[in-house]
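Colleague: Let us go through this model together. Please put it up, and I will ask as we go.

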2 protein chains.
Amino acid sequence: MTKDYPPLKSVPGFSWLGINLGIKENAPDFGVIASECKCSSAGVFTRNNMPGAPIIVGREHLQDGQLQAIAVNSKIANVATGQAGIEDAKNMCRWTAAALGIAPELVLPSSTGVIGQRLPMDKIQTGCESIPEKLGSDPEFIENFARAIMTTDTHPKWHCVSIDNVTLLGVAKGAGMVEPDMATMLSYFVTDAQMSPELLQQMLKRVVNKSFNRLSIDSDTSTSDTVIIMANGLADVVDAENFENKFTEAAVSLAKQITRDGEGSKKLIELTVSGASSQQMALKVAKSIINSPLVKTAIHGADPNWGRFVMAVGKVFEYPVSLDDLSIRFGSGGHGMNVNAENLESKKVNLDAISKYLQNNEIQLEVIVGNGSYAETVWGCDLTKEYIEINAFYTT
Amino acid sequence: MTKDYPPLKSVPGFSWLGINLGIKENAPDFGVIASECKCSSAGVFTRNNMPGAPIIVGREHLQDGQLQAIAVNSKIANVATGQAGIEDAKNMCRWTAAALGIAPELVLPSSTGVIGQRLPMDKIQTGCESIPEKLGSDPEFIENFARAIMTTDTHPKWHCVSIDNVTLLGVAKGAGMVEPDMATMLSYFVTDAQMSPELLQQMLKRVVNKSFNRLSIDSDTSTSDTVIIMANGLADVVDAENFENKFTEAAVSLAKQITRDGEGSKKLIELTVSGASSQQMALKVAKSIINSPLVKTAIHGADPNWGRFVMAVGKVFEYPVSLDDLSIRFGSGGHGMNVNAENLESKKVNLDAISKYLQNNEIQLEVIVGNGSYAETVWGCDLTKEYIEINAFYTT
């Protein structure tokens, strides 16, 4: 395990695997999370109107707030595969359940990768049979799982937090087709905390809204976005507020890891829009900036082309901002370089300093749009030639 | 003049110039269109809330529906320059008017290029003084004008049509920051037809809506978008319906020229979404597809990744489409290759043929979303490494 990764801890009662079934050539392509007992569970899924078969089956299986296992494959998303695809997702659950000796409805299926292809069900059936002998709870098994769900991700992603004597671990994958609007990509959280499914579901919605729903890699909303949390209750009841704070911290960490590892991305952009007169305005303006290909390419080239921020603020037709009220701050805190009407007039904008700042690989930006009291923070990445390279020949 | 360009004809009563004033290094950077008499005129401008100074002044000057000249510079857009920028735009009108012996309110100013920089007014003043000696009405003068308004365009753009004994000529520039939402980029039409400003304005809105408002290069809406038509009335009154049809034809031609010459673009995509239950639905779905970076990169790489169309249709949350109703046709007419639930099931989709078709530099696509009676056609282009190259270092 590379030492740059965040620390990784086992969670009592959960075991993992990540193996190659021959869907990808060599890399792991099939992963399982299994709990030793039923878990209170909650999930949020993509708002895309063409959800993948696993989303349809997963929503069904989550209805009673109980899960005991998750089975995921990468490389093929099992989306736009009709009734046959739904049967495939159900079989993935059946075979996983049989191997674990549990009910199929306790398994959540997930698939990520190319849309429109059928899964190689023979390989998956063989893989499922090997689940019992391949599961393990040590960090290396968790890492293998995190690798098995990767598509164009360049590294596995996790974040682990402790709340009192309880552990919460999240694992995620991202890369492309990422502008979650309700949930995102694949992200699985497990904890040994005791919590009701209802509380977990409400909490998950709020957490996702503050983390994954605030990131955009390329403005495309996937058909497979899924965030799941499973709580097996082996540890104590935990203070809910405390847990939610740490849960948010872990989700934000994963959202940032996903953004930083966006397809072709070289830079993580953290943008706060403040001074807005409503939450909705702050978010709309922030999304307009973070999704603008001209802003993204300028940041890629460390071009201090602040005029593109003006354009991106201005194209949110429903929330007019006066140029006199606009201030763009490159860098955080007292060290930020401001661009606003006043220092433009007095020619105090230091473009060289902004350009130098934009050469960092973590960029912090604040755009102040007025005297309102609302602010929103979003994460995005630069747009590079590598994004084109990765996506021009994805299936060929 | 390269022979690939559409034919170019003078319009009686209009003269032109395109010269270098030293704003760009060598290429022409200043253009003027002058009519020998006042013209009925109409215009539509960007909906961006941060319009450039020339837009603000131009709206004022157009209020009475009369113009006699247009003065344009490229390289610097005179946007986000405050009150000083507005004075600059007004001076550009004053000096042009003085040289032509007309009122300043009869001049429409335009600027295109980098946002946030002041115009070099000394150079523009000198340039304006040379207007009378440099104007001419032959096609070469029109071509010089068309070149003078270019920024990252790789070639000048015009389209000329005849309606009875009347001529209509449009000249345009595009390239980047192009997703007009009310008007677009810079585009100027002149005609010797007789027409009232009111009729012209109504007609222009409809024409723009069917042409420039249906194109997207990169989803960014410029702060300088402008479409103007000037009718000097030297020829006859003309059948309005006939004129509008030809006007639409010219505007669609320019919209397509702009799209084909989008920054880094290698391919023109013409996409029709049909079978929608409303105009709004057809347009929303079409925009979602044509703006999707994953669709654009797939087409760039001739990757038959039709699943990305499914994703882009599905992310229009407000208009759900069933996968069973969806059909994606690559190529036009009877030769099109369909992807739909039926032929997917029977494995009759020929991905190789689709990939081969996508190697063309003009791609026609139809996406059928149901049994409704509404359809919309939009134009877009592929997303390439050259787009990144052009935009990563635009001001540096």
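Colleague: How many bridges join β2(A) to strand β9 (residues 226-231) of chain A?

Modeller: First, the ground rules: this is a predicted model, where local features need pLDDT of at least 70, side-chain atom pairs count only at pLDDT 80 or more, and totals for chains, interfaces and linings use all residues. Residues are numbered from 1 along each chain as its sequence is written, while chains are lettered from A and ligands numbered from 1 in the order in which they are written. Strands (E, at least two residues) and helices (H or I, at least four) are DSSP runs numbered from the N terminus, and two strands pair if DSSP finds at least two bridges between them. β2(A) and β9(A) run antiparallel, and the bridges joining them number six.

Colleague: Which residue in β9(A) stands opposite A:S40?

Modeller: β2 of chain A spans residues 30-45. It runs antiparallel to β9(A). Opposite A:S40 stands A:A231.

Colleague: What is the bridge partner of A:G31 in β3(A)?

Modeller: β2(A) pairs with strand β3 (residues 66-76) of chain A in the antiparallel sense, over seven bridges. It also pairs antiparallel with strand β1 (residues 14-19) of chain A, over six bridges. In β3(A), the partner of A:G31 is A:V72.

Colleague: How many of the 16 residues of strand β2 of chain A are buried?

Modeller: A residue is buried if 20 or more other C-beta atoms, placed from the backbone, lie within 10 Å of its own; 12 or fewer makes it exposed, and in between it is partly exposed. β2(A) is largely enclosed by the rest of the structure, because its buried residues number 13.

Colleague: Which strands stand at the edges of the open sheet of six strands in chain A?

Modeller: The order is β8-β14-β10-β13-β11-β12, with mixed pairing. Inside it, β10 (residues 268-276) and β13 (residues 362-368) of chain A pair in the parallel sense over seven bridges. Each edge strand has a single partner, so one side of each is left without a neighbour in the sheet. The edge strands are β8 (215-216) and β12 (337-340).

Colleague: In chain B, what is the bridge partner of B:S327 in β13(B)?

Modeller: β13(B) is mostly covered, with five of its seven residues buried. Strand β11 (residues 327-330) of chain B runs antiparallel to β13(B), joined by four bridges. β10(B) runs parallel to β13(B), and there B:S274 stands opposite B:I368. The partner of B:S327 is also B:I368.

Colleague: Which element of chain B is among those that cover the buried residues of α10(A)?

Modeller: Eight of the eight residues of helix α10 (residues 307-314) of chain A are buried. The cover includes α8, α9, β11 and β13 of chain A. From chain B, the cover includes β4 (107-114).

Colleague: Which element gives the most to the side of chain B that touches chain A?

Modeller: Contact means C-beta atoms, placed from the backbone, within 7 Å. The contact takes 53 residues from each of chain B and chain A. Elements giving two or more residues on the chain B side are α9, α10, α11 and α13. The top contributor, with six residues, is α10(B).

Colleague: Which C-alpha of chain B is nearest the axis?

Modeller: A rotation of 180° with 0.0 Å of shift superposes chain B on chain A, RMSD 0.0 Å, fitted by least squares on C-alpha atoms of residues with pLDDT of at least 70 in both. The copies are thus related as by a two-fold rotation axis. At 2.4 Å from the axis, the nearest is that of B:K385.

Notes: Two residues are in contact if their C-beta atoms, placed from the backbone, lie within 7 Å.
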